[in-house]
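Welcome! Please take a moment to look over the sequence and the 3D view, and then let us walk through some of the details together.

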Amino acid sequence: MKNIQNIFNEFNWEPAISYPTGTLQKTLRDEERGKTILLKIPKGFKMPYHSHIYTEQHFVLDGMYTTNGIKYPRGSYQIFYPHEEHGPFE
């Protein structure tokens, strides 16, 4: 049976330990071959340039964020491939 989750409900959110204080995460999938999480980013969120060993995708479901002087409003999508530096985010 498939694990069905509602991404908009208020259940299963927890502090996102590796992100700035106030950031919440909801894990949708955590398997050997990949992980999918949602983030709720608080006002004032800032994160410096960084990279990952895996692909990261950004879907802006509500609100907006800015990186490299470009604003990404609700409905925006970005993808960053392994070792691709990205940020800073504010």
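Which residue in β3 is the bridge partner of arginine 29? The partner is threonine 36. Keep in mind as you explore that this is a predicted model.

**A pair of strands**

Together β2 and β3 make a hairpin, with 2 residues between them.

**A buried lysine**

Now stay with strand β2, where you will also find lysine 26. Lysine 26 is buried but has no salt bridge. Its nearest side chain of opposite charge belongs to glutamate 10, at 7.3 Å. That distance rules out a salt bridge, because such a bridge needs a side-chain nitrogen of Lys or Arg within 4 Å of a carboxyl oxygen of Asp or Glu.

| Partner of the lysine 26 side chain | Distance |
|---|---|
| Side chain of asparagine 9 | 2.8 Å |

**A nonpolar patch**

Finally, turn to the surface. Phe8, Phe59, Leu61 and Tyr77 form a nonpolar patch there, and together they have about 480 Å² of accessible area. One of these residues, tyrosine 77, sits in strand β7, which spans residues 77-80. Is tyrosine 77 buried, partly exposed or exposed? Tyrosine 77 has a relative accessible area of 42%, so it counts as partly exposed.

Conventions. Residues numbered from 1 in each chain as written. Predicted model: local features only at pLDDT ≥ 70, side-chain atom pairs only at ≥ 80, totals over all residues. Heavy atoms only, no water. Pairing = 2+ DSSP bridges. Helix = DSSP H or I, 4+ residues; strand = E, 2+ residues; numbered from the N terminus. Patch = residues over 30% accessible without salt bridge, like charges linked within 9 Å, V, L, I, M, F, W, Y side chains within 5 Å. Areas by Shrake-Rupley, 256 points an atom, 1.4 Å probe, with all protein chains shown as cover. Buried < 20%, exposed > 50% of the residue type's maximum accessible area, 1.4 Å probe, protein only. Lys, Arg positive; Asp, Glu negative; His and termini not counted. Polar contact = N/O pair within 3.5 Å; in protein donor to acceptor, adjacent residues only side chain to side chain.
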